[in-house]
Amino acid sequence: MAKFKEIVIFLILIVILVGIFGFVVGSVSNLIFPPSQANYGDKIVKDIGSDGILIATLDNCAKVSEKDIPEGYFDTKLITNLSWCDAKNISFVDTQGKKGYMIVWKTSPDRYSVLEDNVTSYISDYVEGINGTCFMEYNPKTDAAYGIIIVSDEINYSEYALLYNILGLDKSEFAQTYSPVAVNGGYGYGYSGGHGHYGGVDTSPYSIVRTDPDWFYDYYDYGDYDDIDEYLESDGYD
């Protein structure tokens, strides 16, 4: 009976060791030979702040690499000189072998005047100079700012796809903030800041400048938002 128990324990140890060996070999193999394409059912899930506030999920994609990157700067269609810090760059491939990457970060909200304090506020926009889309959020529960940029020359990620498919946000709480608006008789792109759980008139700076730029300085002083000042000046407003 004692020998039987020893044999069972030995077999269990063998199974565990084989499993560990397979995991190590698979991990090393992925590092040396990164996947050229994903399998259907593959998934990348990234908890951006490691706190459950903002989670990105890429279905039918496989991770190629993940690495820390230094602070960097980017412009959106309207807002200039935004930045990421303490960020990670995650590259991936889809089932057709098309490549992309996403930059994700969590940092102090003091870095961003475009995000308002004390309430959940956010922006979503398209990144200038690259085929990329971004989302940034301030969350008062953690008093932190979160950001994600997803980029691919081969895959088009719309604002809608980033907000609702990748981030899984509630449409009733997070409306798209970059959308076509009438400009000088034609159609251009305007920007509206977003809020979750708010009521009443939206007097956020990016909403006012989109809906009624003539009234912007009735609410805010020149110099409060340099990017908006530059935008209004370039559009002929004093």
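This is a predicted model: local features need pLDDT of at least 70, side-chain atom pairs count only at pLDDT 80 or more; totals for chains, interfaces and linings use all residues.
Residues are numbered from 1 along each chain as its sequence is written, and side-chain values use heavy atoms, with hydrogens and water left out. Local features need pLDDT of at least 70 and side-chain atom pairs count only at pLDDT 80 or more, whereas totals for chains, interfaces and linings use all residues.

The chain comprises 5 helices and 13 strands; helices (H or I, at least four residues) and strands (E, at least two) are DSSP runs, numbered from the N terminus. Of its 238 residues, 41% count as buried. In this classification, buried means under 20% relative accessible area, exposed over 50%, and partly exposed in between (1.4 Å probe, protein chains only). The accessible surface amounts to about 13600 Å², and 53% of this surface belongs to carbon and sulfur atoms; accessible areas come from the Shrake-Rupley method with a 1.4 Å probe, and for residues only the protein chains shown count as cover. Among contacts (heavy atoms within 4.5 Å) between residues at least 6 apart in sequence, 47% join residues at least 24 apart.

Helix α2 (residues 159-166) is largely enclosed by the rest of the structure, because 6 of its 8 residues are buried. The buried residues of α2 are Glu159, Ala161, Leu162, Leu163, Tyr164 and Ile166. Glycine 168, which follows α2, has a positive phi near 65 degrees.

A total of 7 salt bridges was counted, a salt bridge being a side-chain nitrogen of Lys or Arg within 4 Å of a carboxyl oxygen of Asp or Glu. One of them joins the side chains of glutamate 66 and lysine 46 at 2.8 Å, N to O. This pair links distant parts of the chain, with glutamate 66 in strand β3 (residues 61-69) and lysine 46 in strand β1, 20 residues apart. Lysine 46 counts as buried, at 17% relative accessibility, while glutamate 66 is partly exposed at 31%. Leaving aside residues up to four places away in sequence, lysine 46 touches Leu54, Ile55, Ala56, Glu66, Lys88, Ile90, Met102 and Val104.

Lysine 88 and aspartate 68 form a salt bridge through their side chains (2.6 Å, N to O). Here lysine 88 in strand β6 (residues 87-94) is linked to aspartate 68 in strand β3, 20 residues apart. Lysine 88 is partly exposed, with a relative accessible area of 28%, and aspartate 68 is exposed, with 58%.

Another salt bridge brings together the side chains of glutamate 128 and lysine 77 (3.9 Å, N to O). Glutamate 128 lies in the loop between β8 (121-127) and β9 (132-139) and lysine 77 in the loop between β4 (72-74) and β5 (82-84), so the pair ties together parts that are 51 residues apart in sequence. Both partners are partly exposed, glutamate 128 at 39% relative accessibility and lysine 77 at 41%. Salt bridges that share partners also join Lys46, Lys63 and Glu66 into one network.

Aspartate 51 is located in the loop between β1 and β2 (55-59) and is partly exposed, at 30% relative accessibility. Its contacts, not counting residues up to four places away in sequence, are Lys106, Thr142 and Tyr146. The C-alpha atoms of aspartate 51 and threonine 142 are separated by 8.8 Å, although these residues are 91 residues apart along the chain.
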